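Student: I am new to this structure and would like to go through it with you. Could we begin with how some of its parts are arranged?

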Amino acid sequence: MTYLSKPKFRHPKLPVNAHGLTHRDYEGVVSTLCAGCGHDSISAAVIEACFELDIEAHRIAKVSGIGCSAKTTNYFLGRSHGFNSVHGRMPSVATGANLANRDLIYIGVSGDGDTASIGLGQFSHAVRRRLNMLYLVENNGTYGLTKGQASATADPTSKNKKGLSTPFESIDLAAMAIELGAGFVARSFSGDKAQLVPLMKAAIRYRGFALIDVISPCVTFNNPPASTKSYDYVREHNAALDRVDFVAGRAQITADYEAGTTTNVTLHDGSVMALHKLAPDYDPCDKANVLATLHRLKSAGEIATGLLYLEKDETDLHDLIVTTQRPLNELTEDDLCPGSAALAAINASHS
Ligand SMILES: Cc1ncc(C[n+]2csc(CCOP(=O)(O)OP(=O)(O)O)c2C)c(N)n1
Ligand code: SF4
């Protein structure tokens, strides 16, 4: 694999965030993806979201599997922890890392092939265990890296570059994640940075499993207008249900939103998500209605985007299995081996 590092020079007037860091400090090496690939826009959105949230790079762990999508973790957050695993196995690597160190922020990047086929089991269990992570699916309906086979998210009505369709029903990863217990589920489009960046910021701050299914056109194998994952199709059929504004909770929050059209949701760390309803009667907290809306729009050939589902009570895997508050590498021998009296008490409690 070749790595092209970016020139170190930067304009002295580049904007800086609370840590004095510029966007350049959140970048990785030069992308080797095809020019125009949607995945590169998603990398740019990750850089923007982390810059705006003032997250220091060493607090983030980025994990991925295999695919063009999986390669992108090399193109952002060059100073963060990273693990490029094997095809479909990103969720178990993320689970192990998160259990060992709950203090890091986990960003998993996956493809629709990586998640909806070989990694479907791993994905399902990360969701139902409410692993605290942002799970990004870069969804192009095709296996880009292996040259354009249909993936399990390809719609039977869709046609790829060669005019071919799949005979099989497509998997809607967002609907599946809602069914399996994800607390934060959104869908967006790589070409809509205004929607994607606030969604990412809110998802990073959400404590629990947060999925963003990002339609990300593969310009080389699956971008004719007849493909339901193409730039043209998504622009024409984007049914945005809501818009999210995000205000990080570190400073005093002064949000002024029009009554009646917006709901403010405060996250565990004090950040506020302002949800602007675009579709009448859309409530992202009403699971049955959300699933019915997704099914209805899908059958009409529309693509529902925005914050699709939100569980206001944030719960993660550590809450569910009651783990220690401290990262495992901070535990001392005394913590791990409390002595024979403690062991005798535990044994006595089982008799
Ligand atoms: C165990 C295993 N099986 C198959 C492959 C071949 N393979 C590499 S990437 C890929 C699919 C990638 O598609 P997707 O996850 O949608 O990512 P994209 O390249 O489209 O971003 C496959 C089947 C592999 N690397 N490992
Ligand atoms: S093959 Fe498709 S998914 Fe892979 S880099 Fe090129 S455009 Fe992107």
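This is a predicted model: local features need pLDDT of at least 70, side-chain atom pairs count only at pLDDT 80 or more; totals for chains, interfaces and linings use all residues.

Student: Why give both an angle and a distance?

Tutor: Because two packed helices are described by the angle between their axes and the distance between the axes.

Student: And is the crossing of α1 and α7 left-handed or right-handed?

Tutor: The crossing in which α1 passes α7 is right-handed.

Student: What about α6 and α9, at what angle do they cross?

Tutor: Helix α6 (residues 173–180) and helix α9 (residues 287–299) cross at roughly 160°, and their axes come within 10 Å. Because angles over 145 degrees count as roughly antiparallel, α6 is roughly antiparallel to α9. The crossing of α6 past α9 is left-handed.

Student: Changing topic: which residues are around ligand 2?

Tutor: The residues around ligand 2 are Leu33, Cys34, Cys37, His39, Cys68, Asn140, Gly144, Cys218, Val219, Thr220 and Phe221.

Student: How does that shell divide by class, and how many are charged?

Tutor: The shell around ligand 2 has 7 nonpolar and 4 polar residues, and no charged ones.

Student: How many cavities does a search of the whole structure find?

Tutor: The search finds 1 cavity of 30 Å³ or more. The largest cavity holds about 40 Å³ of space.

Student: Which residues line the largest cavity?

Tutor: Its lining consists of Asp242, Thr263, Leu275, Lys277, Tyr282 and Pro284. By class, the lining of the largest cavity has 3 nonpolar, 1 polar and 2 charged residues.

Methods: Residues are numbered from 1 along each chain as its sequence is written. Chains are lettered from A and ligands numbered from 1 in the order in which they are written. Side-chain values use heavy atoms; hydrogens and water are left out. A residue is near a molecule or strand if one of its heavy atoms lies within 4 Å of it. Ala, Val, Leu, Ile, Met, Phe, Trp, Tyr, Cys and Pro count as nonpolar, Asp, Glu, Lys and Arg as charged, and the others, Gly among them, as polar. On a 1 Å grid over the protein atoms alone, a cavity is a set of points where a 1.4 Å probe fits but cannot get out, and a pocket is an open set with protein on both sides within 12 Å along at least five of seven lines; lining residues have an atom within 4 Å of a point. Grid points are joined across faces, edges and corners, and a volume is the space filled by probe spheres set on the points. Axes are lines fitted to C-alpha atoms, for helices over the stretch in contact, and angles run from 0 to 180 degrees between N-to-C directions. Helices (H or I, at least four residues) and strands (E, at least two) are DSSP runs, numbered from the N terminus. Angles under 35 degrees count as roughly parallel, over 145 as roughly antiparallel, 65 to 115 as roughly perpendicular and the rest as oblique. A crossing is left-handed if the near helix is turned anticlockwise from the far one by less than a right angle, and right-handed if clockwise.
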